[in-house]
Amino acid sequence: MRSQTAVSVMSLHQLDCLCMDAPQPFSCIQYSRYKYGSSRIGEAYGLALGEAFLQHFPDRALSHRLLVTSSAYKSIPTSSFCIGQAFWNRVNLMRSQAKKAPGHLIKIERTTLYPGDYGTLSAEQRTRLMQSNHLYFEDALLTGADLVIVDDVKVTGAHQQCLMLHTGHIALNSLTFLYAVECVDAQMSDPSIEDRLNHASVKTLLDLVQIIHSSDFLFNVRVCKFILSAANRASLPQFLAQMTDRFLVHLYHMILGDGYCFMDAYQESFHIIHVTLQQRHLLAENTLASACKTTVCVKVVN
């Protein structure tokens, strides 16, 4: 139960939200690029968090049952997935050197999805959204384990409280929250400061093109929702024209997998993507007619 679980929180950077425009060691530009798919930057956060975790929590790092996870998702990973994976790799390297079995990288299942951008919500809206969130943990797997939840940013703490609520009935040995950056004084300022962080470098779809064409691009749910957003609809055809067939097919199936194609806020943009794939003959339905003309003989031998 929660009363028996040791809970700790650690962050790499503390960002003064009341002085966002003042020079700070943390790069908002780099963070913004990470949020929109630059995995190289996310991996750097993960490796640094791994080093800090090994230094400050050596007993948990070498525990008998170490579990690592990032933010919950359905089929499209969140941006924090690459941080969690890099963190897991770094800790497992140290565990192997100490002759310890590797920790497990697990997934928190999300069953509740919503349109829009979490970073623009107020503290009250975030709390209400998190209270209606449905997350799934494998209780038997977590019981008695040391669980590390890796994320990119802590602003109001609503997401952390949601995770603590969902794990409160599980007899964890310890629960550790690790963040790349924590916004200091966020309660006193506008929590939508997260939106400024997210878009410090990426403000339009055209800003996203260069990141997508980079070798380290990693698709995430933020990229998907940004492409589908009504604010970017006018520039969507121009953006799609610059994308490869492979990217468009991947984007299309990711949207289907999370069901964003059924949300009113995204249906018009999804239709534009659908038509673009049709024009490029990238949808299976375009091959149905020719496939039906082909006679296939199947011989069954008993």
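Start with the second largest pocket, which has a volume of about 160 Å³. A pocket here is an open set of points on a 1 Å grid over the protein atoms alone, with protein on both sides within 12 Å along at least five of seven lines, and lining residues have an atom within 4 Å of a point. Its volume is the space filled by probe spheres set on the points, which are joined across faces, edges and corners.

A word on the model before you click on. It is predicted, so local features need pLDDT of at least 70 and side-chain atom pairs count only at pLDDT 80 or more, while totals for chains, interfaces and linings use all residues. Residues are numbered from 1 along each chain as its sequence is written, and side-chain values use heavy atoms, with hydrogens and water left out.

Rolling a probe the size of a water molecule over the atoms shows where empty space is left. The count comes to 1 cavity of 30 Å³ or more, a cavity being a set of points where a 1.4 Å probe fits but cannot get out. About 60 Å³ of space lies in the largest cavity. Select its lining: Tyr-34, Gly-37, Ser-38, Ser-39, Pro-77, Thr-78, Ser-79, Phe-81, Cys-82, Leu-218, Phe-219 and Asn-220.

Pick Ser-70, in the loop between β2 and α4. Is Ser-70 buried or exposed? At 7% relative accessibility, it counts as buried; the cut-offs are under 20% relative accessible area for buried, over 50% for exposed and partly exposed in between (1.4 Å probe, protein chains only). Leaving aside neighbours within four places in sequence, Ser-70 is in contact (heavy atoms within 4.5 Å) with Ser-80, Phe-81, Ile-108 and Val-150.

Now step back to strand β2 (residues 66–69), where Leu-66 and Val-68 point one way, Leu-67 and Thr-69 the other, and all are buried. Strands (E, at least two residues) and helices (H or I, at least four) are DSSP runs, numbered from the N terminus. Show β6 (residues 146–154) as well: β2 and β6 pair in the parallel sense over 4 bridges, and Val-68 stands opposite Val-148. Pairing calls for at least two bridges found by DSSP. β2 also pairs in the parallel sense with β3, over 2 bridges, with Val-68 opposite Leu-105.

Lys-99, in the loop between α4 (80–97) and β3 (104–105), has a positive phi of about 60° although it is not a glycine. Lys-99 is exposed, with a relative accessible area of 76%. His-281 also has a positive phi, near 60°, and lies in the loop between α13 (264–279) and α14 (288–292). At 61% relative accessibility, His-281 counts as exposed.

Finally, zoom out to the whole chain. You'll see 14 helices and 7 strands, and of the 302 residues, 52% count as buried.
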